Amino acid sequence: MLILLQMASALDVDRPQLSGSSLTSSGTLTQPAPFLDEPDSYYVGALITVAKAPLRFETGEAVIDEVFGTELGFGGVVAPRLRLDVAMDLFPGVRFPQHEWSAELETMAVGDARIGGLWAMVAPRAAGVGVATDAHVRLATGSPFFTAGWGGQGRAILGGRHRRLGWSVDVGADWVNDPPYLDRSLGSALIGGAGVHVWALEQVVLGAEIDGRHPFAPTGNLEADTSEWAAYVGYTPCSGAQLSVGGGGTVLAGIGTPESRFLLTFGYF
């Protein structure tokens, strides 16, 4: 049971969160940006990820061989500086090593949902530096062994636009409501990330991102500090359409940092 609960938490930590910024015109892949589109605008789309070995025993043996995950998202700008976001996880496939307990697990399941929003305190339209905060509540809506339970997250975001160049940094906290009987717990953590992107052409953006996690409390013999990188190319074939393809891997190995990852986002805004 301990391994199964750790697996659920690992799937949650491993998940690249689909930000509304990912599916609009901000130029990011998974990191949030402090810029909003016009009031009454909206977006809808999905993030698809394939992660290799996102959870391993201390010996290096994989608990999960591969995760094929999808996150559906939609939202809209409901006020001049406020965007509301809703997202839901789906796991079309999770491949496990051959263990006695692997047959008990689902390989097609629903993950947790998130409801939140972004408030842009300073959001220049064309160029300059923007400041924003975003927060969401995680709902325990997932299938058994695929839910990390109730929780939430909040971040402060700083970003800029300068001609063809864009950048962003964020820092915040992730609250995890681990069951009290876990003797090894991921726990709540300090989270942060940064990214830079450049519009190589009017319709093509190139970028790179990094994020990390540092638990507030000891995590037993689990790897504590984790970090992951990603590089990507984004394409806007026509007004309102968006497609990004990227890949990455581990910087600091631990829970939720796979050996390699493939990322694909597509949407309409």
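The second largest cavity holds about 160 Å³ of space. A cavity here is a set of points on a 1 Å grid over the protein atoms alone, where a 1.4 Å probe fits but cannot get out. Grid points are joined across faces, edges and corners, and the volume is the space filled by probe spheres set on the points. The structure has nine cavities of 30 Å³ or more.

Before going on, a word on the source. This is a predicted model, in which local features need pLDDT of at least 70 and side-chain atom pairs count only at pLDDT 80 or more, while totals for chains, interfaces and linings use all residues. Residues are numbered from 1 along each chain as its sequence is written, and side-chain values use heavy atoms, with hydrogens and water left out.

Back to the second largest cavity. It is lined by 18 residues, and the closest to its centre are Leu18, Asp85, Arg114, Asp134 and His136. A lining residue has an atom within 4 Å of a point. Strands S3 (82-95), S4 (109-122) and S5 (128-139) are the elements that give two or more residues to this lining. Strands are DSSP runs of E with at least two residues, helices are runs of H or I with at least four, and both are numbered from the N terminus. S4 gives the largest share, five residues. By type, the lining has seven nonpolar, six polar and five charged residues. In that count Ala, Val, Leu, Ile, Met, Phe, Trp, Tyr, Cys and Pro are nonpolar, Asp, Glu, Lys and Arg are charged, and the others, Gly among them, are polar.

His136 leads us to the strand pairing. Its bridge partner in S6 is Gln153. S5 and S6 (residues 151-162) pair antiparallel over eleven bridges; two strands pair if DSSP finds at least two bridges between them. S6 is in turn joined to S7 (residues 165-176) by twelve bridges, again antiparallel, and Gly160 has Trp167 as its bridge partner in S7.

Which residue takes a positive phi in the hairpin of S6 and S7? That is Arg163, near 55°, in a hairpin with two residues between the strands. Arg163 is not a glycine, and it is exposed, with a relative accessible area of 88%. Exposed means over 50%, buried under 20%, and partly exposed in between, with a 1.4 Å probe and protein chains only. Asp40, also not a glycine, has a positive phi of about 75°. Asp40 sits in the loop between helix H1 (2-14) and S1, and is exposed at 70%.

Now the nonpolar cores, meaning sets of buried Ala, Val, Leu, Ile, Met, Phe, Trp, Tyr and Cys residues joined through side-chain atoms within 4.5 Å. The largest has eight residues: Leu18, Leu23, Leu29, Tyr43, Leu47, Ala230, Tyr232 and Leu263. Strands S1 (42-56) and S10 (226-235) are the elements giving two or more residues to this core. A second, separate core of six residues includes Leu36, Leu118, Ala120 and Ile157.

Leu29, leaving aside neighbours within four places in sequence, is in contact with residues including Glu209, Ala230, Tyr232 and Leu263. Contact means heavy atoms within 4.5 Å.

Last, Val44 in strand S1. Val44 is partly exposed, at 42%. Val44 and Phe266 are 222 residues apart in sequence and 8.7 Å apart in space, C-alpha to C-alpha. With neighbours within four places left out, the contacts of Val44 are Leu23, Gly73, Phe74, Gly267 and Tyr268.

Notes: On a 1 Å grid over the protein atoms alone, a cavity is a set of points where a 1.4 Å probe fits but cannot get out, and a pocket is an open set with protein on both sides within 12 Å along at least five of seven lines; lining residues have an atom within 4 Å of a point.
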